[in-house]
Amino acid sequence: MKFRVSAVQYHLHTIASFDEFAAQATHYVRTAQEFDVDFILFPEFFTTQLLSIGDENGVALGIERLPEFTDAYIKLFRGLAKETNTHIIGGTHVIEKGGKLYNTAHLFYPDGRVAAQPKLHITPTEVTEWNMSAGDELNVFETDKGTIALLTCYDIEFPEIVRMAKARGADVIFCPSCTDDRHGFHRVRYTSHARAVENQVYVVTTGTIGSLPTVDFMRGNFGQAAVITPNDVPFPPRGILAEGEINDDMIITADLDLELLYKVREKGSVTTWRDRRTDLYTDWS
């Protein structure tokens, strides 16, 4: 099974209306559509751009106001997924449930279905500054192209959760991210490579770029998209199928071949998934 993915290096800048946000998102989706892609990945927290619209006094909205845009966000991306016949991972959007805020990745299917995966590991800033709550369940998602998981930014830094996703059948991990400096970016990037090697899966990741000068904790963004593979002979030596130019407004595109994953798991130079010592540690399957 082969399919094509695109990842968006989303440029954050101040806007005046939801229509401006919709136009920018639509531009990226239609650009990817020109390459006949099957999946499009947007970054974590890219909908914080909506906070820059501000209130009646021109003051940026607080994070607790972001759920007010949820219905419009879902309508927009559900429509784009159906219109372009693609699966769209709409980055993450903050939703409210039971009086709590959740940083939630959304998968929009071409047939109009919408699935969600709350972020499972919450950073200190998300907790102390934005009062975010952590999700409490890992999901994997069946698509007509294969089984995928949505693990957001900090999630990829925890090997156990990716082991669980692979044990449940995920061959591709989509990792929307948002990092404000080189340290955070490289934490996510290096651990994405580690997870690909450990589990013999693909990892598709991307981040926000640009700046929201009026929105707290979104003033700095350091991002780069990448499509990451295991490090074995059928794949590029550096384990990178495609990567963007750091901090440029762009998308990247690459083809994923699931058959190569199955081959290296069976007869690769190393067989890391098969060679787990489940007599010594947890067998997540």
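**Entry 1: F21 and the cores**

I started at F21, which, leaving aside neighbours within four places in sequence, is in contact with Y10, I15, F46, T47, Q49, L50, L76 and F77. I count a contact when heavy atoms lie within 4.5 Å. The model is a predicted one: I read local features only at pLDDT of at least 70 and side-chain atom pairs only at pLDDT 80 or more, while totals for chains, interfaces and linings use all residues. Residues are numbered from 1 along each chain as its sequence is written, and side-chain values use heavy atoms, with hydrogens and water left out.

I then looked up the largest nonpolar core. It has 40 residues, and F21, F42, F77 and I88 touch the most other members. Such a core is a set of buried Ala, Val, Leu, Ile, Met, Phe, Trp, Tyr and Cys residues joined through side-chain atoms within 4.5 Å. Buried is under 20% relative accessible area, exposed is over 50%, and partly exposed lies in between (1.4 Å probe, protein chains only). I noted α1 (18-33), α2 (70-84), β4 (87-97) and β5 (100-108) as the elements giving two or more residues to this core. α1 gives the most, with 7 residues. Helices (H or I, at least four residues) and strands (E, at least two) are DSSP runs, numbered from the N terminus. A second, separate core holds 27 residues, including Y109, F141, L256 and L258.

**Entry 2: T48**

I found T48 in the loop between β3 (39-41) and α2. Is T48 buried or exposed? It is buried, because its relative accessible area is 0%. Not counting residues up to four places away in sequence, T48 touches I63, L66, L212, V215 and M218.

**Entry 3: the open sheet**

I traced an open sheet of 6 strands in the order β8-β9-β10-β11-β13-β14, with mixed pairing. Its edge strands are β8 (141-143) and β14 (240-243), and each pairs on one side only. The twist averages 20 degrees from one strand to the next. Two strands pair if DSSP finds at least two bridges between them. β8 runs antiparallel to β9 (residues 146-150), joined by 3 bridges. I checked F141: its bridge partner in β9 is I148.

Helix α5 (residues 182-199) packs on this sheet and touches β10 (172-177), β11 (202-207), β13 (226-228) and β14. The direction of α5 makes about 25 degrees with that of β13. Axes are lines fitted to C-alpha atoms, for helices over the stretch in contact, and angles run from 0 to 180 degrees between N-to-C directions.

**Entry 4: strand β1**

I looked up cover on β1 (residues 2-9): 6 of its 8 residues are buried. β1 runs antiparallel to β15 (residues 250-257), with 8 bridges. K2 has D257 as its bridge partner in β15. With β3, β1 pairs in the parallel sense over 3 bridges. There S6 is bridged to I40.

**Entry 5: rings**

I searched the whole structure and got 22 aromatic pairs. Rings of Phe, Tyr and Trp (its six-membered ring) pair if their centres lie within 6.5 Å; planes under 30 degrees apart count as stacked, over 60 as edge-to-face and the rest as tilted. Y202 and F235 are edge-to-face, 5.8 Å centre to centre, with 90 degrees between the planes. Y202 lies in β11 and F235 in the loop between β13 and β14, 33 residues apart. Both Y202 and F235 are buried.
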